Amino acid sequence: MKRLIASLALALPLALGFGWIDAAQAAGPATIEIDQFKFGPNDITVEPGTIVEWVNHDQTIHNIIVPAARVSSPGMDTGDHYTYKFDAPGDYPYLCGLHPHMTGVVHVKPRA
Amino acid sequence: MELLDSKLSRRRALTCLGAWSGAAVLWSVVGGVPRAYGKATDKDSARVSGFTFAQISDTHLGFHKEANPDVGGTLRRCIADLNALPHAPAFIAHTGDITHLSKPAEFDLAEQMLGEIRVDRIHYVPGEHDALDNGLSGYLQRHGSQGNGKAWYSFDDHGVHFVGLSNVVDFEAGKMPTLGDEQLSWLEQDLAGRSASTPIVVLAHIPLWTVYEKWGWGTADSPRALASLRRFGSVTVLNGHIHQVMQKVEGHVAFHTAMSTAYPQPAPGAAESPGPLTVPAGELGRYLGTRELHVVRGKSLLATVDRPIAGAADVAGVRS
């Protein structure tokens, strides 16, 4: 149920913002769920200053590597969260440092 | 050639397993040819003569999820089996993922528990779970002496040249892991002066052949490593990582992946993800333990089993 609520919370701003996650107006950070070795959503666009949160729902550990931001999260066990604030505009591909086939991208750009 | 009937072997395996949910593979080097035997306590292992060593992999100490809430207990069972061998192995080869989270306490627990195996040395290679947070620093503090601070090394034992490799750091998005140029150059130099008749055993965590690229189960630059191994008459590559037994032979090179002592993973592509496989209560041991292994007399390599072993295979009645 928690996952369903989280998914709905994520889907609403996506639906309203045509792919944008408007964290500035949201109650919390833009959330990316990790489930079955996949990031969901794995391609998001946010405004500068947005905090992006990854939440691990898998039974095994994952971490987040964002090479362009020189970010390497600690290992995230089941239920663990990791957040990073994206200030500078740009495209930020990321991966799981344990399972490099798990990839995603965060696009950071000002709303036109 | 004498092969144990596969149905009998499987039935025996299921009978013997009971609550068993961990496994170690016993290896013997006879006439310079490594041979794999089944579960360490299988009575066939009593026939092993010559130089023997055991392989343990993917102990994942620190894991405590549904797939196996007691990885310490299953490892203890494995250790007890090794200590019950009629012929003690010369050493243990641990093919990585010693810990689950690279925590100092997990490394300490591993040292304590694996220290209960009645051997005088354990050779390690790192898994990606041993390289979290601070890279390989925690691993190298404990196991880096053999490689003078590097995660790769070699040594000779009973006429066999052993090589330990690391393919668990510097992952790139969407690509399979790599060994890297520095390590590959070292490997080429290490092998350069050796006779082609020297038996070679390679230890590495992630398979050195592409088991399933979609899940990252392979090593992108392994062809260069294999090119330097190809001239040798007997090469055995021992891997872990995928928590199940698979085998493949290419020329004189035999590849083997090992069971985990912690939890099973699905056969390649058989599930949505390669995550820990939760099996029905009471079946964990059978799931991990069933294995069939065939050794053909007169062949320099183990017979090819180029297929996933989706079930269990613990006791493979091996005769040669």
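View 1. Val201(B) faces Thr236(B) of strand 9 of chain B. Strand 8 (residues 200–203) and strand 9 (residues 235–239) of chain B run parallel, joined over 4 bridges; strands are DSSP E runs of at least two residues, helices H or I runs of at least four, both numbered from the N terminus, and pairing requires at least two DSSP bridges. In this predicted model, local features need pLDDT of at least 70 and side-chain atom pairs pLDDT 80 or more, while totals for chains, interfaces and linings use all residues. Residues are numbered from 1 along each chain as its sequence is written, with chains lettered from A and ligands numbered from 1 in the order in which they are written.

**View 2. The open sheet of chain B****.** Its 6 strands follow the order 6-7-8-9-11-10, with mixed pairing. Strand 6 (153–157) and strand 10 (246–250) of chain B are at the edges with a single partner strand each, so one side of each lacks a neighbour in the sheet.

**View 3. The largest nonpolar core****.** This core (buried Ala, Val, Leu, Ile, Met, Phe, Trp, Tyr and Cys residues joined through C-beta atoms within 7 Å) has 59 residues. Buried means 20 or more other C-beta atoms within 10 Å of a residue's own, with C-beta atoms placed from the backbone. Helix 2 (residues 71–83) of chain B supplies the largest share, 5 residues. Among those with the most contacts inside the core are Val202(B) and Leu238(B).

**View 4. Helix 2 of chain B****.** Buried residues here include Val71(B), Leu75(B), Cys78(B) and Leu82(B).

Terms used:
A residue is buried if 20 or more other C-beta atoms lie within 10 Å of its own, exposed if 12 or fewer, and partly exposed in between; C-beta atoms are placed from the backbone.
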